[in-house]
Amino acid sequence: MIAEIGLAALWLAAALAVLQLAGGLAALRAGENSDLAALTRPAAVLQGGLVAISFAMLLWLFAITDLSVKLVAMNSHTAKPLIFKLSGAWGNHEGSMLLWVTVMALAGALIAGIERRLPEKTMQATLAAQGFVALGFYAFLLLSSNPFERLPEPVIEGLGLNPLLQDIGLALHPPTLYFGYVGLSVAFSFAVGALLTRNVTPDFARAMRPWILGAWVFLTLGITAGSYWAYYELGWGGYWFWDPVENASLMPWLAATALLHSASVLASRDALRVWTIMLGVVAFSMSMLGTFLVRSGILTSVHAFAVDPERGSFILILLGLYIGGALLLFALRAGTISEGERFSIASREGALVVNNVMLSAILAVVLLGTLYPLLTEAFDVRVSVGPPYFNPVSAVFVFPMLAVMAVGPLLRWRRDSWSRISREMALTGALLLVALVIFGVVSQVALLPLLGLSFAIALGVASFLPLRGRNLRRVPIAVWGMVMAHFGVAVALLGMASESAFSTERLAALAEGERTSVGPWAVELQAVEPIAGPNWTAMAARMAVSYDDGEPIEIAPQSRNFWAPAQQTTESVLVTRWNGQLYAVVGSSSNDGRWQVRLWWKPLVTLIWYGGLLVALGGILALIGRVRTDLKRRAAVRKGAARRLEMEKVS
Amino acid sequence: MKAKHQRLVLVLLALVALVGAALLAVYALRNQASYFYLPEQMQADPPAVGQAVRLGGMVAPGSLETLSDGITVTFTVTGREASAIPVRYAGILPDLFVEGSGVVAEGRLAADGTFEADNLLAKHDENYVPRELQEMSEHQAAEMAEETTVGLE
């Protein structure tokens, strides 16, 4: 019964998406006050509620492990802890697509419910675009990947969830990225709505901005968490592999970062109109492309749940339909959007344009590197593209962008002179130079990490310069957000550069009682013992590690065997100090009774993820600042209206 | 500068940067992409010594040996024809690495003809197989067909 309620709610929601689309079209033809157009907002709100019910039903099915439902039987197991039963609901293809439309419909409901800044016609067109995008995903779910399908005979026990995915980080990682992708779909709908009604105004940018910021915060958190997960769960000691699936989340982030900055130009200065619309389309294209790459089975990875050509072509058709349609609309309408305000090169806008161009170039580099193996495979040549391509080529654009990042926030809008900020530029330049000399000449660091360390230090200081000479209590929250996010980039960069410049590694075969060392750490293998967990057994290597002859700490990395489904995983152990992390992995035993142990000492590596968190925190602060300004404005408008009413009464 | 001119300049700037990025990317891809070799291809047309490439094939049964340091292993990767490439790898073997199953080794060819692997990709579980290994079963089928048709012509 639960499954049937979920399915019925999903069908009803799909019908409402059609109504929403029809309402928006009616608004474009007959004006915003026609009967059908007036239904657009209510349809969006109701649709959000129905999909939420549908998703709640799926969660319920997983919570009670209803083994008569195919999806539950294929992906769950009665012996799993409850949290992983629930996360199993989206740890598979069907459930994750349902999560996608759920978030999307809730976002649609939210803008339908509260967004009042834009002209009603533009809003209805925006909601129609949102309905159109959602409709494609409803069709995908209902026609080719129904999550509520029943089995003819209930099974006795489920197949379980891939043990690699049985992890709290993984329970949260996909929803986080989906919130990001879907936030960009809202930005896309706004862009299409604005194009359809030829209404590209600062108000449009202000309405779109919280959604870009929100999406961007979630993408940042998702990428940061995914990177940390890969770091400690895979046991390879790396935090970023330029894996196509990682790139699939990085590309929307790059586009969203560019969009965020160009939308702020449009909101504050009414410039970069066409460019902002274009980026809105590109950002969502990258989300769709990411979904396509990950979900179609074109790439094989832990992220690809099912290799099913039908589903791949379905997503490809959706991709072509939305992106092709949006680009066509863009080509037809872009010429009719009038030019925005002018500005000089030495201005905030000028710096943001450079930032946007650099981000787009990095996006192009990552996109080409990700698609290249797929292209050559069509000609039967198999290649893989990895760090030797991505690192140097993206660095060509990253470092100029970082330089502009240090200077841009100091400039004024519209027109400024370099001489006004010459002191700040000299300070940043001097810091950069000193760092280059210290790390390059004295420590002999290789080129890319050297640039990384030096730029990180210079940018870290420069990111606080916009606050100079200001009363800190009166600095708007959004400015704090910018400072925080820029500082976070510097912190993450310092972590990455330090990891690649100063890491040390030790690979050894140790008998029980033997010692080794890595960097400042002394390590003793004390014993290797078998242990058992709820659904696994493991060999745990008990080690005593001490930093710089200090107090020894006991750690026990494991090599784990799961039995449902049967699989082996490496459970690494991390010892975190303020100045870095010790990373320990145990392998198999050799015939003479020695155990393979792999150890890394990675100075400052944790800064990578703290930096990511700071960037996200900056986004959250900016979001709070923007929303507060909007609420204040609304209150002022209400007060003004009330006063006017009173005046009329009096007179 | 008129607004129209400014827009033109911006568009040109963006185009130049994007085309530049694309050209640079294509140039770098031609040099930096690491090519995939089967053992027979590596034997017939070996890559330059030191160039990063990938080698994929079956781990020959009985060839896996651990050297006396306890961490360096050597084994032979074989392909469809009677081709065998010796591989050396220092590190912890992937979880499901066994003799007689498929493997993709990332690394480079050393001057003595041994393949020095930095990284081994083996089958993770039945859902996660390195892309190059997906066709391994076809590979095996071809091998079987070849064996069973010997003498029939």
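**A close look at A:A171**

Modeller: Let's start with what A:A171 touches: setting aside the neighbours within four places in sequence, its contacts are A:S87 and A:W90. A:A171 sits in helix α8 of chain A. Is it buried or exposed? With a relative accessibility of 2%, it falls under the 20% limit, so A:A171 counts as buried. For a sense of distance, take A:G618: it is 447 residues away from A:A171 in sequence, while the two C-alphas are 24 Å apart in space.

Before going on, keep in mind that this is a predicted model. Chain A has a mean pLDDT of 88, with 96% of its residues at 70 or more. One stretch to treat with care is residues 300-306 of chain A, where the pLDDT is below 50; in the model this stretch still has 26 contacts beyond near neighbours in sequence.

What does α8(A) bring to the inside of the protein? The largest nonpolar core holds 132 residues, and the ones with the most contacts inside it are A:W100, A:F137, A:Y138, A:F190, A:F204 and A:Y389. The largest share of this core comes from α8(A), with 13 residues. Zoom in on A:F137 and you'll find, beyond its neighbours within four places in sequence, contacts with A:M97, A:W100, A:V101, A:M288, A:L318 and A:Y322. Another core lies apart from that one; it has 21 residues, including A:V523, A:A541, A:V573 and A:A584.

Now follow the chain past the end of our helix. Between α8 (168-196) and α9 (202-233) of chain A there is a loop, and A:R198 lies in it. A:R198 isn't a glycine, yet it has a positive phi of about 50 degrees. A:T65 is another non-glycine with a positive phi of about 50 degrees. You'll find A:T65 in the loop between α3 (40-63) and α4 (70-75) of chain A. A:T65 is buried too, at a relative accessible area of 9%.

Further along comes helix α10 of chain A, residues 244-269. Its 26 residues span 37 Å from the first C-alpha to the last, close to the 38 Å expected at 1.5 Å a residue. Of those 26 residues, 24 are buried, so α10(A) is largely enclosed by the rest of the structure. At the start of α10(A), a side-chain oxygen of A:D243 comes within 2.9 Å of the backbone nitrogen of A:V245. Just after the helix, A:D270 has a positive phi of about 55 degrees.

Last, some strands. In chain A, β3 (residues 515-518) pairs with β4 (residues 521-532) in the antiparallel sense, over 4 bridges. Here A:T516 stands opposite A:V523 of β4(A), and A:V523 is one of the residues in that 21-residue core. The hairpin of β3(A) and β4(A) has 2 residues between its strands, and A:G519 takes a positive phi near 50 degrees there. On to the next strand: β4(A) runs antiparallel to β5 (residues 536-547) of chain A, and 11 bridges join them. In that pairing, A:I531 has A:A538 in β5(A) as its bridge partner, and a hairpin of 3 residues links β4(A) to β5(A).

Note on methods. Residues are numbered from 1 along each chain as its sequence is written. Chains are lettered from A and ligands numbered from 1 in the order in which they are written. This is a predicted model: local features need pLDDT of at least 70, side-chain atom pairs count only at pLDDT 80 or more; totals for chains, interfaces and linings use all residues. Side-chain values use heavy atoms; hydrogens and water are left out. The expected span of a helix is 1.5 Å times one less than its number of residues. Buried means under 20% relative accessible area, exposed over 50%, partly exposed in between (1.4 Å probe, protein chains only). A polar contact is a pair of N or O atoms within 3.5 Å; within protein, one must be able to donate a hydrogen and the other to accept it, and residues adjacent in sequence count only if both atoms are side-chain atoms. A nonpolar core is a set of buried Ala, Val, Leu, Ile, Met, Phe, Trp, Tyr and Cys residues joined through side-chain atoms within 4.5 Å. Contact means heavy atoms within 4.5 Å. pLDDT is the predictor's confidence in each residue, from 0 to 100. Two strands pair if DSSP finds at least two bridges between them.
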